[in-house]
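Reader: I would like to learn how to read a few features of this model. Please start with the terms.

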Amino acid sequence: MASDKKSLCKWKSDDIDKDRKRFKKLVRNAQYFCRKCGRAAGAKDNLCKPDDL
Ligand SMILES: [Zn+2]
């Protein structure tokens with residue numbers, strides 16, 4: 001199961017389906033995005049190539 005420390009970039013659609021609440025928490029109030037994957041997150045730590053949104 002995905003943990004909070006796991007990079008959001010590594011979440012697969014299956015992980016999101018299984019743990020949507022945690023996923024929502026991670027992307028809520030997103031202030032950063034990943035230059036590599038195009039995902040957004042509230043914490044830099046959750047992205048592999050974070051940049052300010
Ligand atoms: Zn990434």
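Author: Helices (H or I, at least four residues) and strands (E, at least two) are DSSP runs, numbered from the N terminus. Two strands pair if DSSP finds at least two bridges between them. Here strand β1 (residues 32–34) runs antiparallel to β3, and 3 bridges join them. The model is predicted: local features need pLDDT of at least 70 and side-chain atom pairs count only at pLDDT 80 or more, while totals for chains, interfaces and linings use all residues. Residues are numbered from 1 along each chain as its sequence is written.

Reader: In what order do the 3 strands lie in the open sheet?

Author: The order is β2-β1-β3, with antiparallel pairing. β2 (40–41) and β3 (50–52) each have a single partner strand, so one side of each has no neighbour in the sheet.

Reader: What should I look for in phi?

Author: Most residues other than glycine have a negative phi. N29 is not a glycine, yet its phi is positive, about 55°. N29 sits in the loop between α2 (20–27) and β1.

Reader: Is N29 buried or exposed?

Author: Count the other C-beta atoms, placed from the backbone, within 10 Å of the residue's own: 20 or more is buried, 12 or fewer exposed, and in between partly exposed. N29 has 10, so N29 is exposed. C48, with 13, is partly exposed.

Reader: Which residues does C48 touch?

Author: Contact means C-beta atoms, placed from the backbone, within 7 Å. Leaving out residues up to four places away in sequence, C48 touches S7, C9, C34, K36 and C37. C48 lies in the loop between β2 and β3.

Note on methods
Contact = placed C-beta atoms within 7 Å.
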